[in-house]
Amino acid sequence: MSKGERQKTARERIKEQQAADRTREKRKRIVTYVTAGVVAVAAVGAGWLWSFSQSQSEEAAAPLAPITVDANGSVVMAQPGVTKPVIDIYEDFQCPACKQLEEVSGQTFKNLAAEGKAKVVFHPITIFSQEPTRGNSVRAGAAARCVADGKQWMAFHDLLFANQPSEAGEGFKIDELLSWGKEAGVTSPEFESCVRDQKNANAQISYSDKTGKEAKIEGTPTVKLDGIVMDSQVIFTPQELREQVTKAAK
């Protein structure tokens, strides 16, 4: 082999070595990127799982606490002797956000009352000022006032939200309200005439105006804990809601 050939072979070996080194470095970078990506995905996944666990709705843990329907339109749910902390829920049966709150955190409110950790007070009000939403809300609120039994009222309350009509048209029609009352187990012979004649419509409007002004309600849902408005993010996150109420109970 001539000197030129030996030099050429040496240069080729160097090039081959350099190419091999570059390949190894490339593989290292790929492994690093993949590893970092897996870690990032794992972190995001862990965060999502934590967030999901915080926002997951609770299941019914015990029978409902005793429920008392007040003549003024408010409804109290609490175990005997439990007077605090007090959770005041201001809601409108026609309000979409109120329906969402019921779906997400409604069971948490019920569980906290059942566990004796809070006194829960419902304030069904009419917040809307224009039709058809105002009429829908008044009919629903007035019909709820026709239910005197606590357990039946709560069942009717839940059905009203479950069957909430669109804001775009007339809803909560009389025949529908009567049907849901029957489904809720309402047996009072006065219920039908009370709903058909909308006997409590004026009382619903008066209570809404009075409560809205006194409690300074600007929108629904509004939830207060011992008189202080709770953050909307908290009330729509069952675990955070439970933690704040439990802390206030100590």
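These notes walk through a predicted model, from the whole chain down to single residues.

1. **Overall make-up.** The protein chain has 9 helices and 6 strands. It runs to 250 residues, and 41% of them are buried. Take the contacts with a separation of 6 or more in the protein chain. Of these, 76% are between residues 24 or more positions apart.

2. **The largest nonpolar core.** This core holds 44 residues. Ile87, Phe156 and Leu160 touch the most other members. Which helix gives the most to this core? That is α4, with 6 residues. A second core, of 5 residues, is separate; Tyr90, Ile125, Tyr207 and Ala215 are among its members.

3. **Ile87 in detail.** Set aside residues up to four places away in sequence. Ile87 then touches Phe109, Leu112 and Ala118, as well as Lys119, Val120 and Val121. Further along the chain, Ile87 also touches Val223, Lys224, Leu225 and Val245. Two of these partners, Lys119 and Lys224, are lysines.

4. **Helices α3 and α4.** Helix α3 covers residues 133–144, and helix α4 covers residues 150–162. They pack at an angle of about 165°, and their axes are 10 Å apart. Because the angle is over 145 degrees, α3 is roughly antiparallel to α4. The crossing of the two helices is right-handed.

5. **What lines that contact.** From α3 come Ala140, Ala143 and Ala144. From α4 come Trp153, Phe156 and Leu160. The residues of this contact divide into 6 nonpolar, no polar and no charged.

6. **Ser105.** Is this serine buried or exposed? Ser105 counts as buried because its relative accessibility is 0%, where the cut-off is under 20%. Ser105 lies in helix α2, residues 96–114. Leaving out residues up to four places away in sequence, Ser105 touches Ile235, Phe236, Thr237, Pro238 and Leu241.

7. **Asp226.** This residue sits in the loop between β5 (222–225) and β6 (228–229). Its relative accessible area is 43%, so Asp226 is partly exposed. Which residues does Asp226 contact, neighbours within four places in sequence aside? They are Pro85, Val86 and Ala248. Val86 is 140 residues from Asp226 in sequence. In space the pair is 5.1 Å apart, C-alpha to C-alpha.

Terms used
Residues numbered from 1 in each chain as written. Predicted model: local features only at pLDDT ≥ 70, side-chain atom pairs only at ≥ 80, totals over all residues. Heavy atoms only, no water. Helix = DSSP H or I, 4+ residues; strand = E, 2+ residues; numbered from the N terminus. Buried < 20%, exposed > 50% of the residue type's maximum accessible area, 1.4 Å probe, protein only. Contact = heavy atoms within 4.5 Å. Axes fitted to C-alpha atoms, helices over the stretch in contact; angles between N-to-C directions. Parallel < 35°, antiparallel > 145°, perpendicular 65-115°, else oblique. Left-handed = near helix turned anticlockwise from the far one by under 90°. Nonpolar A, V, L, I, M, F, W, Y, C, P; charged D, E, K, R; others polar. Core = buried A, V, L, I, M, F, W, Y, C linked by side-chain atoms within 4.5 Å.
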